[in-house]
Amino acid sequence: MRTYSLFIIIMLATQTLFGQIRTTKLTAYNQFKPSEILLKDGRTLHQPLTNIFLKNSKLLYLQGTTSMEASLENIVSVKFSDRLYVKIDTLLCYEVDTVGHDALYCATVIDIPAYRQQLKNNQIITSMDLGIFSNGGGSDQLSTATIDTNTEEDYEFPLIDIFYYRLNGKFVRVHDRELSRVLNKEQRRMMRTYQSMPDFSWTNRECLLQLLRKLQ
């Protein structure tokens, strides 16, 4: 067995992380608060202590002192004092703004892959062992030892926004591929023209609202 000692700082591309909003919270609200839950069968439930889980934009409620994740299978919407969340696909999304009869919705969730990557970026490899073991035909095994140099800020969760349009009464993910499936020829032309503009971004809500206006 040979042992190699070295100090290597893992340098990976993290440019996308710097522009992301970060938080230390796991929920949309600092405290659990009352909400009104509309079910598919038309019933309305009033829960005194609820919240939105940022991990997956699901509904949380308190059972005693334990946070429980509610199933969204039978939920249509969740109304808080300041915001109405609507179930779209597997997410609870809030209304950003309306354009005529259409609207832009958003679900804010923790970017788990980016979070894992930002922690991994600050690991320093302090040693590397390459061992060769005889196991049948033989196999190589590489093991390393690392030091974690992450700061408190590095443990903050990066957030991403997932957007949906309500178009003609139906929800569609705001993405060129998904939109192309539901837009007519003239609308697709309009979308491609607008998204080719230098300031356009699929993650900017003002751009998305402007695009929605052009699709009217």
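Two strands count as paired if DSSP finds at least two bridges between them. Strands (E, at least two residues) and helices (H or I, at least four) are DSSP runs, numbered from the N terminus.

This is a predicted model: local features need pLDDT of at least 70, side-chain atom pairs count only at pLDDT 80 or more, and totals for chains, interfaces and linings use all residues. Residues are numbered from 1 along each chain as its sequence is written, and side-chain values use heavy atoms, without hydrogens and water.

**Stop one: S7 and its partners.** Select strand S7 (residues 75-79) and strand S8 (residues 84-88). They pair antiparallel over 3 bridges. A hairpin of 4 residues links S7 to S8. Find Lys 79; opposite stands Leu 84 in S8. Leu 39 has Ile 75 of S7 as its bridge partner.

**Stop two: the largest core.** A nonpolar core is a set of buried Ala, Val, Leu, Ile, Met, Phe, Trp, Tyr and Cys residues joined through side-chain atoms within 4.5 Å; buried means under 20% relative accessible area (1.4 Å probe, protein chains only). The largest has 32 residues; select Leu 59, Val 78, Tyr 85, Tyr 165 and Leu 179, which touch the most other members. Elements supplying at least two residues each include S3, S7 and helix H4 (185-195). Helix H5 gives the most, 5 residues.

**Stop three: Leu 179.** Beyond neighbours within four places in sequence, Leu 179 is in contact (heavy atoms within 4.5 Å) with residues including Tyr 165, Met 191 and Trp 202.

**Last stop.** Select Val 86, Ile 88, Ala 103 and Tyr 105, among the members of a second, separate core of 10 residues.

How values were computed:
Buried < 20%, exposed > 50% of the residue type's maximum accessible area, 1.4 Å probe, protein only.
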